[in-house]
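Me: I'd like to learn how to read helix packing and a nonpolar core. Could you walk me through it?

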Amino acid sequence: MNHVAHCFLSYPDEAVLFGNFIGDFVKGKSWQDFPPAVQKGILLHRAIDSFTDNHTITRTSAGRIRDYTGRYAAPVVDILYDHLLIRHWDRYAPDLPFDTFAEWGYQSLARMEADMPEMLRRRWPQMQAGRFLHGYGSREGLEWVLHQFAKRLNGHLDATALSVFFFNELDTFSADFNGFFPDLAAYVREFRNAGVVQY
């Protein structure tokens, strides 16, 4: 999963949110250098990624787009699923409007900007100004994210063709997502209710 899901699955704990948000930038055992609540967020990030990568349905989704993404299908599915989470938001958070959640995320992370890893701290002003969580909600925003990702891959991702295929097959991908996300949410509930363990 990508930014929207990681942040949503941290709600409403700001320390867990921060740990989850910086998770990709904390390598090896350096998670142990953070306060316990932030540690839990970092380990939650790793657990979400592992669960997602190994789930049968996400692998099915990856297979659907492999012609457009090659070996990068799995991270692209993470991006597509963020769009689908927003599209189906009311199913998973009927009492939490997306705008309310997103503002909580922006404000919480802004308060902790000084503690972000350096690379992420450099990116944060642009992410915040662009309201990065909202960006996944529209077709235009999703296409922008896909094209940015494609630039990093030096032509190994056909973002335009992928977008056309994805939106033509939106019902199929929605069925994939709605089959998968309840499993992930249940797993995360169990994880968050447990003590911090090395992951």
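What follows is a short chat about a core, a helix pair and a glycine.

Reply: This is a predicted model, where local features need pLDDT of at least 70, side-chain atom pairs count only at pLDDT 80 or more, and totals for chains, interfaces and linings use all residues. Residues are numbered from 1 along each chain as its sequence is written, and side-chain values use heavy atoms, with hydrogens and water left out.

Me: How many residues are in the largest nonpolar core?

Reply: In soluble globular proteins, nonpolar side chains tend to be buried together. A nonpolar core is a set of buried (under 20% relative accessible area, 1.4 Å probe, protein chains only) Ala, Val, Leu, Ile, Met, Phe, Trp, Tyr and Cys residues joined through side-chain atoms within 4.5 Å. Here the largest has 67 residues, and Trp89 and Phe101 are among those with the most contacts inside it.

Me: At what angle do helix 3 and helix 12 pack?

Reply: Two packed helices are described by the angle between their axes and the distance between the axes. Helix 3 (residues 36-53) and helix 12 (residues 170-193) pack at about 150 degrees, axes 11 Å apart; axes are lines fitted to C-alpha atoms over the stretch in contact, with angles from 0 to 180 degrees between N-to-C directions. They are therefore roughly antiparallel (over 145 degrees).

Me: Is Gly41 buried or exposed?

Reply: Gly41, in helix 3, is buried, at 0% relative accessible area. Leaving aside neighbours within four places in sequence, Gly41 is in contact (heavy atoms within 4.5 Å) with Val16, Gly19 and Asn20.

Definitions and conventions:
Buried < 20%, exposed > 50% of the residue type's maximum accessible area, 1.4 Å probe, protein only. Helix = DSSP H or I, 4+ residues; strand = E, 2+ residues; numbered from the N terminus. Parallel < 35°, antiparallel > 145°, perpendicular 65-115°, else oblique.
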